[in-house]
Amino acid sequence: MPIIEAKNLIKKYKTIEKKAGITGYFKNLIHPRYKEFTAVNNINIEIEAGELVGYIGENGAGKSTTIKMLTGLLTPTSGQVIVDGIVPYEKRIENNKKIGAVFGQKTQLWWDLPVIESFRLIKKMYKIPENEYRKNLKTFTELLQLEDLLEKQVKNLSLGQKMRCEIAATFLHNPKIVYLDEPTIGLDVLVKENIRKFIKDINKEKNTTVILTTHDLKDIEDVCDRIILLDRGQIIYDGDKQKFKDTYGNSVTAEIILKNKEENITQKLWEEDFEIIEENENNIKIKFSHDKTTIVKIVEKLSKYGNIEDIHMKEAELEDILKDIYRGVKIC
């Protein structure tokens with residue numbers, strides 16, 4: 001049985017149609033007119049215990065709204081949500097005991113207290129057994145390198161230091177499910193790598209289910225095995241990350257270095273089975289699909305316009321695929 005199940009999930013909002021000017025202001029005040037906006041539109045999801053899921057999409061796609069319904073912060077307009085056997089918005093306290101969450105820059109640590117005091121308060125709040133608390137604290141301190149931070153006030157921590165402490169606080173009570181909404185935003189590369197490794201280690205050790213929403217696609221590449229892609233409140237892909245890349249990442253980018261190039265290749269070959277992205281004096285960047293042509297055929301054509309000295313090829317990565325999708329390329 002899935003640990004998270006959403007059936008025909010819909011969330012609609014009503015917003016006031018604002019009118020300009022002072023007259024419009026009083027009209028809005030006295031006789032407001034509303035329009036309806038659908039943030040999440042008939043979503044169906046099943047997530048098994050222990051899965052690492054990347055829940056992604058553009059701003060406004062419905063990611064955070066979905067997460068808030070799964071955590072019990074929002075009540076669906078219609079549809080059903082069941083998380084580990086309960087309906088989150090009906091039994092918020094019971095649900096909160098089973099989950100952990102990080103929402104961007106919103107903190108669950110006490111600003112004026114040392115980090116360790118926040119951890120002790122979380123221990124009391126969740127009634128974590130002493131031996132379990134000490135074991136987790138020791139493990140998390142080592143994995144996230146918190147030794148020098150525990151006695152510092154939260155307000156004196158850098159963004160990266162604070163986020164490492166936030167992550168530790170989120171996992172401290174051994175939640176079955178953790179929702180991470182932009183957990184690495186604004187962090188430097190080393191801190192991001194540290195947090196990604198921690199998430200994978202804890203998932204492996206404790207079988208914790210992790211739902212990760214992020215605009216940093218390196219998070220998805222390094223952490224997740226499954227992708228759920230949203231567009232305008234609807235799921236347009238749900239499946240294995242590698243299958244997604246294999247199926248939709250058929251394009252290859254190549255930079256070809258030429259010497260003694262005498263003509264403008266773009267003008268000559270603009271109707272070919274490959275796209276010329278950029279052309280300079282000594283090189284040309286192209287994009288092509290494996291099912292339409294090959295690099296051998298392309299090189300054969302380009303060799304007529306100069307001496308080819310080197311070729312640098314790059315297979316499509318997750319970020320490249322999603323950029324194409326966001327530009328309007330349909331995947332299903």
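K7 touches I43, N44, G79 and Q80, leaving out residues up to four places away in sequence. This is a predicted model.

K7 lies in strand β1. Its contact Q80 is 73 residues away in sequence, yet the two C-alpha atoms are 5.1 Å apart in space. K7 is partly exposed, because its relative accessible area is 38%, and that class covers values between 20% and 50%.

What does β1 pair with? Strand β1 spans residues 4-16, and five bridges join it to strand β4, residues 78-83. The two strands run antiparallel. At one of these positions, I4 stands opposite V83 in β4. Strand β1 is also joined to strand β2, residues 34-47, by 10 bridges. This pairing is antiparallel too. Here K12 has T38 in β2 as its bridge partner. The contacts of K7 can now be read against these pairings. They include N44 and Q80; β2 covers residues 34-47, and β4 covers residues 78-83.

Move on to R226. It sits in strand β8, residues 226-231. Is R226 buried or exposed? It counts as buried, because its relative accessibility is 11% and the cut-off for buried is under 20%. The side chain of R226 reaches the backbone oxygen of E46 at 2.9 Å.

Now turn to the empty space. Rolling a probe the size of a water molecule over the atoms shows where such space is left. The largest pocket has a volume of about 590 Å³. Its lining has 23 residues, and those closest to the pocket centre are L73, G100, A101, F103 and Q108.

Which element gives the largest share of that lining? Strand β5 does, with five residues. β5 covers 99-103. At least two lining residues each come from α2 (63-71), α3 (92-98), β5 and α6 (159-171). By class, the lining has seven nonpolar, nine polar and seven charged residues.

Methods. Residues are numbered from 1 along each chain as its sequence is written. This is a predicted model: local features need pLDDT of at least 70, side-chain atom pairs count only at pLDDT 80 or more; totals for chains, interfaces and linings use all residues. Side-chain values use heavy atoms; hydrogens and water are left out. Two strands pair if DSSP finds at least two bridges between them. Helices (H or I, at least four residues) and strands (E, at least two) are DSSP runs, numbered from the N terminus. On a 1 Å grid over the protein atoms alone, a cavity is a set of points where a 1.4 Å probe fits but cannot get out, and a pocket is an open set with protein on both sides within 12 Å along at least five of seven lines; lining residues have an atom within 4 Å of a point. Grid points are joined across faces, edges and corners, and a volume is the space filled by probe spheres set on the points. Ala, Val, Leu, Ile, Met, Phe, Trp, Tyr, Cys and Pro count as nonpolar, Asp, Glu, Lys and Arg as charged, and the others, Gly among them, as polar. Buried means under 20% relative accessible area, exposed over 50%, partly exposed in between (1.4 Å probe, protein chains only). A polar contact is a pair of N or O atoms within 3.5 Å; within protein, one must be able to donate a hydrogen and the other to accept it, and residues adjacent in sequence count only if both atoms are side-chain atoms. Contact means heavy atoms within 4.5 Å.
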